[in-house]
Amino acid sequence: MPPTSSSGNTAEPASPGCRCCPLEGGGRSDTKCAKPGGEPVTWRADGVPRSERFDDIYHTETGALAQSRHVFLGGCGLPQAWGGQPQWRILETGFGLGLNFLTTWQAWRADPARPRLLHFVSVEAHPVSAADLLRAAGAYPELAPLAAELAAQWNGLLPGFHRLAFDDGRVLLTLCVGDVQPMLRAQRFEADSIFLDGFSPRQNPEMWSPDTLKAVSRFARQGTRIATWTIARAIRDALAQQGFVIEKRPGLPPKRDCLCGTFAPAWTVRRREPVPERVDAPGRCAVVGAGLAGAAVAASLARRGWQVTVLDAADWPASGASSLPVGMLAPHVSPDDALLSRLTRAGIRATWIELERLLEEGRDWCATGVLERRPDGDVRVPAGWSSHGPNESWPADADRLAAAGLSTETPAIWHARAAWVKPWRLIAAWLRQPGVEFRGGCRVERLERHPDGWRLFDASGGLLAEADRVVICAGFESGRFAPALPLQPVRGQVAFGPMPDDSTPLPHTPINGDGHLVAHVPGERGEAPMWLAGATFDRDSTSLEPTAADSAANRERLARLHPSAAQALADAESHAWVGVRCASGDRRPLAGPVDAGLWACTALGSRGLSFAALCAELLAAQWHAEPLPLPATLAKALGTQRL
């Protein structure tokens, strides 16, 4: 965000163009961009963006690109400093119009010695609209294509963390939406570079307070470099007190100077928490299970340089619970925005990125949205949520209900960020990633630790694989290798079949609630489109045999969910599919350590599509001491350590 003209010793003076120092004409030629769901930005006649909230401009008149390259990248020695490193982690205070991120991403792309992974973590209390991101970057041809990719993922920015991924998941932006100090407390990693970017200390004192700079310093390791445009004496003194060796550098006009520094405290730093374990050199990993969890873990680790072998007892991937013909991806919503609601939103964002990156929309998945019927009539959502966003779920209106063939009085919630997905297509795409090998017909019976890692054996004692680390993703059978985890099998049966004909009155929008209905799903290899309805929940059952009782229960459930669809399908061709899901004691996934070098990613329950990608990224982040894709409290809610 920032800069303003200053020679200041204690605080930055007002920016040229702010209300207390207007342009000639009083600023009446300014234009305001106030988009729903975005912080209003006023664009001055000379093209410089200004914030009314902070009465300050977003970047110097010299230009945002020049400022980003000179003040922030140059002040932190980039791109030279990251050359040859496995990953680089940047912390920024103040995302603003995203130009520091875009400039850093562009420099990463252009550098043949770039790190395998670039993490950019930025705190922003008031995100602007996607239109303003595009307008800001439009002045710089080298940034405009990147801004378009950023804008495509710029949605649903409620308070909390949002992980956006680019360049096949090798550039990861973690946007922390909220006030700076709570957001910094919710994250923990060792930053390689720190960008202090925010509106003037006079206009936005919280961003530059001693408490905020102290919180920032907790992310620094020995040698971490820091850069900022402000040279205010109070900022220099506060950074020095936190252990940074600060120096002035030539600035960009109209500023004479800017600051850079290196974290080199003269004392031994005592952390409140131990430094996270970090794997610097990826090695060999064995993943047990080739369903959604195992394939997602394999792909996440392979992106970080691991050689991953995925072993499954079946001959083909997606042969267990993940073999469901078509699944539904939809968030949980609660009036108090409870833990599960926040977790599913984060999970769907992670999965959505992978769907768009790897699959063909309309064939493998479809962003249809989902209508969720509320049998109890409760369609409350958190206070302030509406169809204008940034939330992406709200009470369904009469037109939406009528289009789905439901009474306009039906209590329901509309989920705009929801879809149907063919799980096996996503699993196959993950297993095709470079660095991943699938081996079917390999039932792992026993694990054995040895000095260099782990060995995996079959029932006859034959060695199946050797690995530095093992991740158990075997659904309810994960308990054979991690008996301390509270796992429960949950059998489920669904009905599915070909669409009778195009005139059959089945909704094009999936319906969820007490059961679910998905229709008009394209068939495979010229087969007719299909429908699917269900499902039953039988705890502690592992039987894969269909039952007439479950078929009847699914018909009754469909009749309550969508009466006209149930009538249309009463005599239609129908088949039964049975799978056994795995659930934990508190119905949340388990992603974390089991033993030294032995980890688990399991218990995804009936929300495998919602949680697989998120849990895989969380596990990989913990291995490599990366920024978390979730606030620390939410990450702990998925960890094995919580039990």
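Strand 26 (residues 487-498) and strand 31 run antiparallel to each other and pair over 10 bridges. Two strands count as paired here if DSSP finds at least two bridges between them, and helices (H or I, at least four residues) and strands (E, at least two) are DSSP runs, numbered from the N terminus. Within this pair, R491 has V580 of strand 31 as its bridge partner. Strand 31 (residues 575-584) has eight of its 10 residues buried, so it is largely enclosed by the rest of the structure. Buried means under 20% relative accessible area, exposed means over 50%, and partly exposed is in between (1.4 Å probe, protein chains only).

A quick word on the ground rules. This is a predicted model, in which local features need pLDDT of at least 70 and side-chain atom pairs count only at pLDDT 80 or more, while totals for chains, interfaces and linings use all residues. Residues are numbered from 1 along each chain as its sequence is written, and side-chain values use heavy atoms, with hydrogens and water left out.

**Two hairpins around strand 23**

Strand 23 (residues 453-457) has four of its five residues buried, so it too is largely enclosed by the rest of the structure. Strand 23 forms a hairpin with strand 22, with two residues between them, and another with strand 24, with five residues between them. F457 shows up in both pairings: it is the bridge partner of R446, and it stands opposite L463 in strand 24. Here are some of the strand pairs, including the ones just mentioned.

| Strand pair | Sense | Bridges |
|---|---|---|
| Strand 22 (residues 446-450) and strand 23 | antiparallel | five bridges |
| Strand 23 and strand 24 (residues 463-467) | antiparallel | four bridges |
| Strand 6 (residues 117-124) and strand 8 (residues 171-177) | parallel | seven bridges |
| Strand 16 and strand 20 (residues 419-421) | antiparallel | two bridges |

Now for an open sheet of eight strands, with mixed pairing and the order 7-8-6-5-9-10-12-11. Strand 7 and strand 11 (244-250) sit at the edges with a single partner strand each, so one side of each is left without a neighbour in the sheet. From one strand to the next, the twist averages 20°.

Contact means heavy atoms within 4.5 Å; axes are lines fitted to C-alpha atoms, for helices over the stretch in contact, and angles run from 0 to 180 degrees between N-to-C directions.

How do these two helices meet? Helix 1 (residues 64-73) and helix 2 (residues 99-110) pack at an angle of about 75°, and their axes are 9 Å apart. Helix 1 and helix 2 are therefore roughly perpendicular to each other, a label used for angles of 65 to 115 degrees. On the helix 1 side the contact is made by A64, L65, S68, R69, F72 and L73, and on the helix 2 side by L99, N100, T103, T104, Q106 and A107.

**Cores**

The largest nonpolar core has 73 residues, and L91, F101, L102, L150 and I194 touch the most other members. A nonpolar core is a set of buried Ala, Val, Leu, Ile, Met, Phe, Trp, Tyr and Cys residues joined through side-chain atoms within 4.5 Å. Helix 2 gives the most to this core, with six residues. L150 is in contact with F95, F101, L102, L133, L164, F166 and L173, leaving aside its neighbours within four places in sequence. Apart from this core lies another, of 56 residues, among them A296, A318, L431 and A591.

Q153 lies in the loop between helix 4 (144-152) and strand 7 (160-166). At 11% relative accessibility, Q153 counts as buried. Not counting residues up to four places away in sequence, Q153 touches L164, A165, F166, R349 and I353.

Finally, an open sheet of three strands has the order 15-20-16, with antiparallel pairing. Strand 15 (327-329) and strand 16 (365-366) are at the edges, each with a single partner strand, so one side of each is left without a neighbour in the sheet. Helix 9 (residues 339-358) packs on this sheet, touching strand 15, strand 16 and strand 20, and its direction makes about 120° with that of strand 15.

Notes:
Parallel < 35°, antiparallel > 145°, perpendicular 65-115°, else oblique.
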